[in-house]
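Try each task before reading its solution.

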Amino acid sequence: MVLGVDVGGTKVAVAAVEGVTATHAAEHPTVTASADALLDGVEHVVRSVVAAAGEPQAIGVGVPSQIDFATGTVETSVNIPLTGVPLREELGRRFGVPVFVDNDANCAALAEAHIVGEDDLVMLTLGTGVGGGIVNGGLTFRGAHGLGAELGHMTINPDGPPCPGNCPNRGCLEAYCSGQALERDATELATDKPDSPLASRLGPDGKVSGREVVAAADEGDPDALLLMENFARMLGIGIANYVNVFEPARLAIGGGLSRASHLFLDRAIREAEARALPALWKRVSVQLAEGGADAGVIGAGLLAALEIERDRDTEAAKATTTKGIE
Ligand SMILES: [Zn+2]
């Protein structure tokens with residue numbers, strides 16, 4: 001048994017994980033006052049789950065941050081105060097068992113691959129931003145240091161709007177297919193057309209949220225439908241790019257905005273089909289993610305289970321090599 005820990009911007013979720021099943025789940029609001037306070041909060045939830053489920057062999061942790069995978073150090077973290085924190089070492093010291101740390105979108109992709117039983121999967125997480133994860137041959141693809149698979153920062157339009165992420169580029173997928181992008185376009189439109197239905201949805205912060213755009217589109221507002229059409233078209237271009245590069249068996253769409261998939265998914269698939277290489281396109285299935293709310297915890301647990309298995313294989317290989325020399 002391993003533990004999965006999903007550190008989100010608002011809550012820390014922990015569960016005992018075996019295979020793709022999570023039990024003894026517990027959660028706690030994310031404390032963002034300081035790194036130490038946040039880690040104390042994580043430790044508190046982990047200890048409560050250990051008390052109920054028993055001592056784990058290892059702990060996997062997913063965080064909404066860029067991670068140097070080998071050291072488990074947080075490179076950058078926008079919403080939680082962990083930048084520069086050697087998370088793997090710090091949590092390993094607190095718990096006395098092996099700890100592995102990865103980006104939360106990588107964990108979500110790993111969970112999805114195991115839940116649907118596909119070894120080659122690309123997952124896009126559409127929310128406030130756009131996260132992504134790639135599972136290749138059953139293993140998470142991370143690049144040389146663990147910072148790769150930033151699928152939201154693939155350029156879709158070189159002259160597009162500034163990327164809303166922590167990113168110097170313009171026209172990234174995240175600049176089109178995120179809650180922040182919908183909010184930007186809807187707010188601009190509402191300001192230009194003060195009598196429009198979208199203008200009536202301006203919030204007290206002077207913005208039309210992505211959620212309001214979805215609600216307006218559901219009511220048939222032509223402006224909101226046009227925004228969703230653009231969202232869908234750009235998503236389709238992104239999907240075609242990922243299919244051409246990775247040739248996954250399955251491309252999964254998850255995240256909060258996937259609940260509005262009736263407003264964009266069919267259109268995105270038509271766009272992708274018109275652009276992807278046909279031999280690759282006919283072999284891929286584009287689907288909504290099947291993992292539920294606990295996919296982040298399950299993915300973190302799967303990460304820990306795969307890493308201790310790999311460490312064991314490495315040890316076994318070393319033992320065999322030594323014997324061979326003797
Ligand atoms: Zn970007």
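**Exercise 1. Find what follows α3, then check the helix itself.**

Solution. This is a predicted model.
- Step 1: Gly-117 comes after α3, and its phi is positive, near 70 degrees.
- Step 2: Go to the N-terminal end, where Asn-103 caps α3. A side-chain oxygen of Asn-103 sits 2.9 Å from the backbone nitrogen of Ala-105.
- Step 3: α3 covers residues 104–116, 13 residues in total. The expected span takes 1.5 Å times one less than the number of residues. That gives 18 Å, and the end C-alpha atoms are 18 Å apart, so the two agree.
- Step 4: List the buried residues, using under 20% relative accessible area as the cut-off. They include Asn-106, Cys-107, Leu-110 and Glu-112.

**Exercise 2. Determine the geometry around the zinc ion.**

Solution. 
- Step 1: Name the donors. They are His-153 (ND1), Cys-163 (SG), Cys-167 (SG) and Cys-172 (SG), at 2.0 to 2.4 Å.
- Step 2: Read their spacing in sequence: H-x9-C-x3-C-x4-C.
- Step 3: Check the angles. Four donors count as tetrahedral if all angles lie between 85 and 135 degrees. Here the 4 donor atoms subtend 101 to 121 degrees, so the arrangement is tetrahedral.
- Step 4: Look at burial. Cys-163 and Cys-172 are both buried.

**Exercise 3. Which element gives the most to the lining of the second largest pocket?**

Solution. 
- Step 1: Pick out lining residues, among them Leu-110, Arg-142, Leu-303 and Asp-313.
- Step 2: Assign elements. β10 (139–140) and α9 (295–325) each supply at least two lining residues.
- Step 3: α9 gives the most, with 6 residues.

Definitions and conventions. Residues numbered from 1 in each chain as written. Predicted model: local features only at pLDDT ≥ 70, side-chain atom pairs only at ≥ 80, totals over all residues. Heavy atoms only, no water. Donors = N, O, S within 2.8 Å, 3.2 Å for Na, K, Ca; no water. Tetrahedral: all angles 85-135°; square planar, octahedral: opposite > 155°, others 65-115°. Buried < 20%, exposed > 50% of the residue type's maximum accessible area, 1.4 Å probe, protein only. Helix = DSSP H or I, 4+ residues; strand = E, 2+ residues; numbered from the N terminus. Polar contact = N/O pair within 3.5 Å; in protein donor to acceptor, adjacent residues only side chain to side chain. 1 Å grid on protein atoms, 1.4 Å probe; cavity = no way out; pocket = protein on both sides within 12 Å on 5 of 7 lines; lining within 4 Å.
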